[in-house]
Amino acid sequence: QVQLVESGGGLVQAGGSLRLSCAVSGIILNRNTMGWYRQAPGKQRELVAAITSGGTTNYADSVKGRFTISRDNAKNTVYLQMNSLKPEDTAVYYCNAAKVVLGVPIDYWGQGTQVTVSS
């Protein structure tokens, strides 16, 4: 059974930092693409950062140079280090696993963690 559990969200002032964690079970991190998405009120969910099975990372333009996605295969955990936070980074952040099961791509999601950046 696949389970993703996010933690690390909270309230921070602009310019501050937070590190989100996603504890994963039922998926081998280095065999799947893992990502962080966010959804602000009234907006669509958007990709923030992703890391492929081979370790290639990609980021939304809005967070490049400020956010870093990483994974610890031994702990089966994915991280999102967020620095120089801005009020527009305020959103619910979701961990995502993209897994192919019998040739069918399936997305798994965590419950989300709230990040609020005050100005």
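1. The torsion about the S-S bond of C22 and C95 is about -85 degrees, so this disulfide is left-handed. A disulfide here is a pair of cysteine sulfur atoms within 2.5 Å. The sulfur atoms of C22 and C95 sit 2.1 Å apart. A search of the whole structure finds 1 disulfide. C22 lies in strand 3 and C95 in strand 9 (residues 91-101), so the pair ties together parts that are 73 residues apart in sequence. Strands (E, at least two residues) are DSSP runs, numbered from the N terminus. Both C22 and C95 are buried (under 20% relative accessible area; exposed is over 50%, partly exposed in between; 1.4 Å probe, protein chains only).

2. The model is predicted: local features need pLDDT of at least 70, side-chain atom pairs count only at pLDDT 80 or more, and totals for chains, interfaces and linings use all residues. Residues are numbered from 1 along each chain as its sequence is written, and side-chain values use heavy atoms, with hydrogens and water left out.

3. S21 also belongs to strand 3 (residues 18-25). S21 is buried, at 16% relative accessible area. Neighbours within four places in sequence aside, S21 contacts V5, E6, S7, W36, T77, V78 and Y79 (contact: heavy atoms within 4.5 Å).

4. Check the backbone at N76. Phi of N76 is positive, about 50 degrees, although N76 is not a glycine. Most residues other than glycine have a negative phi. N76 is in the loop between strand 7 (67-72) and strand 8 (77-82). With 18% relative accessibility, N76 counts as buried.

5. S84 is another non-glycine residue with positive phi, near 50 degrees. The loop between strand 8 and strand 9 holds S84. S84 is partly exposed, at 39% relative accessible area.

Conventions. Helix = DSSP H or I, 4+ residues; strand = E, 2+ residues; numbered from the N terminus.
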